Structure formats: structure tokens, C-alpha cells
Amino acid sequence: MFPEQFTSISFYQKKKNILLYRATDGARRYVLKSIITKDAAVRQAFYDEYESLCTLKSPSLPVYYGISENFSYPDREGSYLTLCMEDCSGGIPLDQYVCSRDELMKILYRTGRVLLYLLDHGILYTDLNPSNILVSGEKESPQIILLDFTFCYYFRRNPHPDYPLRFSYHLDPALKGNQLLIQELSLLMQELMTGKEDSFQSSSFYLLLQTGLHPSGHLYLKDYLALMEKTLI
């Protein structure tokens, strides 16, 4: 449920047609995300995001508390369509997280498990970039939280969206959902492993990466994650 009132609200960031604020009601900390456009397609993207994620329960996803048609901020005129979700700012963005190759592989494996969970619930997450992955906990057993679900592909709720999907990488448009996620995860792996030269000297890692960058039509994400898991042993 959208909180009835907040004890403090502060501006955080503006992204194109989206405003981000941080807020608290004294009991919880929230992120408020609002659109500053009347574009019907963008509004639909907000509803698709909320309706698809509000029922999911995972420690790797922010909790969605509610959506308001006409929310007003103390420092702005007018009212906005606004999502209220959990503030997960305690973690470190993956692009700022210092770790070894083996530790990074654990993080990528856990990220892949979250992608699989979302896929099983009708969500194809297309914005997999390091700044959208927060890492916390011990390096031996890192925990991750995935952020920013606006303009993902909610294929069960809205299989033919009017809004454009947001992609972090140039993925092969001929690939289907499972293979698209495999390639996306592998491109992230390739980006983050750059500079860790010992990675590419490992035959098992090289094979894993090449398999993921060029996934066959018979390779499913769960099978690719099983291959990843073997590199962790």
C-alpha cells in the first residue's frame, strides 16, 4: 500500500522523463519514482512495472509498496503518476565493487538466478548494466539486488507494448527470451572481466563466455547457469 504520509522527502535524481526522490515515514525508507510526461505509453510502462513486480517476493528485488495517480512533491508544482518502492541504497553498485574473478563469477551467477526467477514470472529484464546491480554482504557469499525495471519486457502482462524496451547492450534481435538473457549476462561478464587478464587464460571460462556470447537455440538460461556453477567449484 502506498504510504499515507512521509516525514521527509528529498530529491535524488532526474532521468529523462522520470524523477527519483528518497523518502521515509519514520518506519521505512522509500524511493519514489514519478513520470513528468503525459505520454500514454510511458504511463502504461509504469503500470506494467508495478503490476508485474508488486506480488514478487525476493531478497534480490526491491519491494513495491504502491502506485499513486496524483502524487505531489513539496518542492514541485503539479501532481505525478508515482511508484513507491523500497530504498535499496545500502549496497554497492557492481561497477564500483572491487573483487576477484572468482568473487565476480559468484555475483554474476546470482544475477543469472534472479534473471531466471523474473523470466519464470513473465519478465524479461533487458537493462542489465553494472550500475543496476547492488552488491552487499560478505565476498564469500555476496548478495545482490537488481534495480530499474521501467521499460523491461513484461511479456505476460503486455506482450505488445507501445513503449520501447530499454537495452544496455546490442543484443541479437533474432534470439528468443532465454538466449537473449544468456547473451546479455555474457556481455556483462565480458565487460567486467576486462582487466582481469587471468580470466581469459582459463579454458573453462573462455568456453563459458563464448557459449554465452553465441548461444544456440537449444540452450536455456537454467542450463547456462548450470555451466556457470561448475566454474565456481
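**Terms and their grounds**

Analyst: In this predicted model, Phe151 belongs to the loop between strand S8 (143–146) and H3.

User: Why does Phe151 count as buried?

Analyst: Buried requires a relative accessible area under 20%. Phe151 has 11% relative accessibility and therefore counts as buried.

User: What is phi of Phe151, and in what kind of residue does the value occur?

Analyst: Phi of Phe151 is near 75°, a positive value in a residue other than glycine. Most residues other than glycine have a negative phi.

User: Where is Lys16 found, and what is its phi?

Analyst: Lys16 sits in the loop between S1 and S2. Its phi is near 50°, again a positive value in a residue other than glycine.

User: Why is Lys16 called exposed?

Analyst: The term exposed applies over 50%. Lys16 has a relative accessible area of 77%, so Lys16 is exposed.

User: Which strands form the open sheet, and in what order?

Analyst: Five strands form the open sheet, in the order S1-S2-S3-S5-S4, with antiparallel pairing.

User: What makes S1 and S4 edge strands?

Analyst: Strand S1 (8–15) and strand S4 (64–71) each pair on one side only, and they are the edge strands. From one strand to the next, the twist averages 25°.

User: Which helix packs on the sheet, and which strands does it touch?

Analyst: Helix H1 (residues 40–53) packs there, touching S2, S3, S4 and strand S5 (80–86). The direction of H1 makes about 155° with that of S4.

User: How do you know that S2 and S3 pair?

Analyst: Pairing requires at least two bridges between two strands. Strand S2 (residues 18–24) and strand S3 (residues 29–35) have seven bridges, in the antiparallel sense. Within this pairing, Leu20 stands opposite Lys33 in S3.

User: Why is H3 called oblique to H4?

Analyst: The axes of helix H3 (residues 177–193) and helix H4 (residues 203–213) come within 7 Å and cross at roughly 135°. This angle makes H3 oblique to H4, because roughly antiparallel begins over 145 degrees and roughly perpendicular covers 65 to 115. The crossing of H3 past H4 is left-handed.

User: Which residues make the contact between H3 and H4, and how do they divide by type?

Analyst: In H3, the residues are Ile182, Gln183, Ser186, Leu187, Met189, Gln190 and Met193; in H4 they meet Phe205, Leu208, Leu209, Gly212 and Leu213. The contact comprises eight nonpolar, four polar and no charged residues.

Technical notes. Residues are numbered from 1 along each chain as its sequence is written. This is a predicted model: local features need pLDDT of at least 70, side-chain atom pairs count only at pLDDT 80 or more; totals for chains, interfaces and linings use all residues. Side-chain values use heavy atoms; hydrogens and water are left out. Helices (H or I, at least four residues) and strands (E, at least two) are DSSP runs, numbered from the N terminus. Axes are lines fitted to C-alpha atoms, for helices over the stretch in contact, and angles run from 0 to 180 degrees between N-to-C directions. Contact means heavy atoms within 4.5 Å. Angles under 35 degrees count as roughly parallel, over 145 as roughly antiparallel, 65 to 115 as roughly perpendicular and the rest as oblique. A crossing is left-handed if the near helix is turned anticlockwise from the far one by less than a right angle, and right-handed if clockwise. Ala, Val, Leu, Ile, Met, Phe, Trp, Tyr, Cys and Pro count as nonpolar, Asp, Glu, Lys and Arg as charged, and the others, Gly among them, as polar. Buried means under 20% relative accessible area, exposed over 50%, partly exposed in between (1.4 Å probe, protein chains only).
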